[in-house]
Amino acid sequence: MSTNKLISLRDAVSRFSTDGMQYASGAALPVGSDAIAFGREIIRQKREKLHALFHCNSQQLNLLAAAGAVDRAECGFSGLEVFGFANGLRRAVESGRLALEDYSNLSMALRFLGGAMNWPFVPATVNIGSDIAWRSAFAPNAHPAEEKIPVIADPFTGKSLGALSPLKPDLAAIHVTLSDPEGNAIMIGTEWSRFELSRAAKKVVLVADYIVDPACSRQFPNLVRIPGVLVDAVVWQPFAAWPQSSPGAYDIDEAHMRLMNERLATEEGTARYIDEFVTKTASFDDYLAAIGADTVERLQKSSSSFLLDPYRHWIKTREEVETLLARNVSKGGA
Amino acid sequence: MSASLSYTRQEMMAIATGREIHDGELAIFGVGLSMLAGYFAQACHAPNVRSITEGGIFGATPVGGLPWGIECNRISSNAVSFTNAIDALGFLVASGRCDVGVIGAAQVDKFGNVNTTGIWGHEIGNTYTPPVTRLTGAGGANDIASGARRFVIMANHEKKRFVDKVEYISSPGYLNGGDARERIGFIGGGPSAIITTLGILRPHSKTKEFELAAWFSFSSIDEIRANTGWDIRVAENVAQVPDPTEVELAALREVDKTGMLRKK
């Protein structure tokens with residue numbers, strides 16, 4: 001008998017997040033597989049002064065930064081790929097409201113690996129010899145910023161290397177395609193650093209597009225890269241990454257990506273966005289209504305949807321998931 | 001024949017970049033222009049190029065147009081393996097195993113250093129203040145610039161982008177030139193070319209300063225000099241780049257189904 005860790009999004013945020021925490025999340029693809037549903041709830045619960053650790057920026061960090069919920073952030077990539085600059089994040093950085101510490105897409109992953117391994121540092125052959133090493137938004141008066149990526153000597157050859165600091169976030173909200181109620185999870189598409197992150201964070205909440213029967217995990221144990229023993233809670237949220245994509249499940253919502261980024265470019269637009277697509281979308285039904293029934297149907301007709309086929313048999317219906325959730329509510333949670 | 005072909009400057013840049021990628025190489029492409037150039041090479045003259053993306057998508061080609069991101073569903077619909085960033089950018093790129101990478105630049109300088117982090121409008125100085133315009137950060141380009149055996153930079157050729165010294169080095173080229181790169185101890189060899197909307201720049205073998213190596217049939221040495229922010233030297237063997245062939249243009253447009261490179 002496996003443990004049922006399913007809880008509501010609201011309970012997950014209220015139980016596992018605090019003001020000022022180091023919060024790790026963000027996209028596996030810079031414009032996909034992002035647990036942004038968790039970020040929307042963070043805003044609804046008015047968390048603030050977050051220290052965001054995002055392998056890559058995503059619409060979630062863009063939104064949290066625009067909403068003023070983040071004071072400090074560390075990132076590899078900080079744009080929105082083909083959708084351009086992340087206007088909310090950009091505005092917060094340019095105004096000096098948010099200190100953004102730059103790394104690269106490999107060094108962020110290596111820092112999560114370092115945290116997972118409990119290493120004091122990770123030797124780096126990247127980021128050295130660049131302003132990523134020499135400039136620090138967290139220590140702006142230090143030039144070169146010797147404490148960000150200090151130069152160390154290889155003990156075997158004496159050659160110079162950079163030392164990357166490890167990351168152990170207080171909380172990681174990780175998007176997965178499928179999870180069983182215990183938190184055994186399958187990610188369709190590339191992992192980026194979700195494997196390392198799930199081992200580096202002090203608490204792990206999964207945000208899953210689909211809940212599957214535990215038999216699914218036992219059928220594909222090689223593909224369960226985040227086992228339930230690492231997971232504190234599981235949140236079910238269809239279209240959890242919207243307007244970003246989830247390989248196998250749904251495509252990117254191009255129109256909403258643009259609308260969202262346009263709104264986040266100004267204070268007024270951000271307030272409007274939050275009112276319309278955050279405050280008023282707390283319930284499942286309101287959230288799906290905000291996406292729109294036609295859009296939901298269209299986005300699910302993805303060229304990648306065949307990737308979900310092997311698992312469809314085990315996907316739980318809404319009624320089944322709600323029954324599991326209700327059991328936890330009556331027991332007082334996972 | 002090719003003189004009658006109609007194509008955009010962006011298409012010429014993508015084709016010239018694609019020509020830098022050789023058959024059989026292990027190659028990594030960023031999103032947007034560089035991905036189009038890379039998949040053009042694969043569709044045209046380098047069918048056995050082994051391409052990977054930063055997050056670890058292996059063996060895929062874009063379906064339904066230019067991907068929105070490096071691992072978007074459009075590049076996830078015919079892959080043979082999905083792995084992760086430490087695999088792709090670490091095991092295969094930072095290790096020195098990757099032959100060639102293609103990266104973009106908001107600003108590039110005479111030693112091939114790339115800035116994609118921010119525009120300050122002046123030297124930053126001793127205190128790191130927020131930029132006037134925040135850009136996208138280094139992403140995986142720093143890792144490619146550090147570890148790939150060689151890399152190619154693509155950029156629109158404008159004076160404001162081609163500067164004497166970048167304000168911020170997001171992805172290192174040859175730093176201050178000469179042997180500066182070797183002294184840091186990078187595993188990768190550095191930028192082999194800057195392909196622009198006007199021509200091709202290549203580094204001098206000793207000084208590592210980028211020189212004008214070739215112009216396109218629609219551009220000229222004078223136009224390139226006028227649009228470069230440093231006093232660019234002209235290489236001894238400077239030449240005109242051959243125009244795109246019909247085969248090349250057809251291959252590029254098959255990859256660029258959404259016509260991103262044909263927008264004016």
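Student: Which strands of chain A form the open sheet of three, and in what order?

Tutor: Good place to start in this predicted model. The order is S5-S7-S6, and the pairing is antiparallel.

Student: What makes S5(A) and S6(A) the edge strands?

Tutor: Strand S5 (122-124) and strand S6 (151-153) each pair on one side only. Neighbouring strands of this sheet are turned by 50 degrees against each other on average, direction ignored.

Student: How do you know that S6(A) and S7(A) count as paired?

Tutor: Pairing needs at least two bridges. In S7(A), A:Ser160 is the bridge partner of A:Ala153.

Student: And in what sense do S2(A) and S3(A) pair, parallel or antiparallel?

Tutor: They pair in the parallel sense, over six bridges. Strand S3 (residues 70-77) is mostly covered, with six of its eight residues buried.

Student: Why is A:His51 called buried?

Tutor: The cut-off is under 20% relative accessible area. A:His51 has 8%, so it is called buried. You will find A:His51 in strand S2 (residues 50-56) of chain A. Leaving aside neighbours within four places in sequence, its contacts are A:Met21, A:Gln22, A:Tyr23, A:Arg72, A:Glu74 and A:Phe138.

Student: What makes A:Arg72 a charge over the ring of A:Phe138?

Tutor: The distance part of the test asks for CZ of Arg within 6 Å of the ring centre. A:Arg72 is at 4.0 Å and lies over the face of A:Phe138. A:Lys148 likewise lies over the face of A:Tyr103, at 4.9 Å from the ring centre.

Student: Why is the aromatic pair of A:Tyr23 and A:Phe38 called stacked?

Tutor: Two values decide this. Ring centres must lie within 6.5 Å, and planes under 30 degrees apart count as stacked. A:Tyr23 and A:Phe38 have 5.8 Å centre to centre and 20 degrees between the planes, so the pair is stacked. A:Tyr23 lies in strand S1 (residues 22-25) and A:Phe38 in helix H2 (residues 36-44), so the pair ties together parts that are 15 residues apart in sequence. Both A:Tyr23 and A:Phe38 are buried.

Student: Then why is the pair of B:Trp120 and B:Tyr128 called tilted?

Tutor: Stacked needs under 30 degrees and edge-to-face over 60, with the rest called tilted. B:Trp120 and B:Tyr128 have 40 degrees between the planes, so their pair is tilted. B:Trp120 is buried, as is B:Tyr128. Over all chains, the structure holds 17 aromatic pairs.

Student: Which residues do ring pairs link into a cluster?

Tutor: They are A:Trp242, A:Tyr273, A:Phe277 and A:Tyr287.

Student: What makes helix H4 of chain A largely enclosed by the rest of the structure?

Tutor: Seven of the eight residues of helix H4 (residues 87-94) are buried, so the rest of the structure largely encloses it. Among the buried residues are A:Asn87, A:Leu89 and A:Arg91. The buried residues of H4(A) pack against helix H3 (59-66), strand S4 (99-102), helix H9 (254-263) and helix H10 (267-277) of chain A, together with strand S9 (133-134) of chain B. Just after H4(A), A:Gly96 takes a positive phi of about 85 degrees.

Student: How many residues of chain B score at least 70 in pLDDT, as a percentage?

Tutor: That is 98%, with an average pLDDT of 94 for chain B. For the complex, the predictor gives an ipTM of 0.96 and a pTM of 0.97.

Methods:
Residues are numbered from 1 along each chain as its sequence is written. Chains are lettered from A and ligands numbered from 1 in the order in which they are written. This is a predicted model: local features need pLDDT of at least 70, side-chain atom pairs count only at pLDDT 80 or more; totals for chains, interfaces and linings use all residues. Side-chain values use heavy atoms; hydrogens and water are left out. Helices (H or I, at least four residues) and strands (E, at least two) are DSSP runs, numbered from the N terminus. Buried means under 20% relative accessible area, exposed over 50%, partly exposed in between (1.4 Å probe, protein chains only). Contact means heavy atoms within 4.5 Å. pLDDT is the predictor's confidence in each residue, from 0 to 100. Axes are lines fitted to C-alpha atoms, for helices over the stretch in contact, and angles run from 0 to 180 degrees between N-to-C directions. Rings of Phe, Tyr and Trp (its six-membered ring) pair if their centres lie within 6.5 Å; planes under 30 degrees apart count as stacked, over 60 as edge-to-face and the rest as tilted. A charge sits over a ring if NZ of Lys or CZ of Arg is within 6 Å of the ring centre and within 35 degrees of the ring normal.
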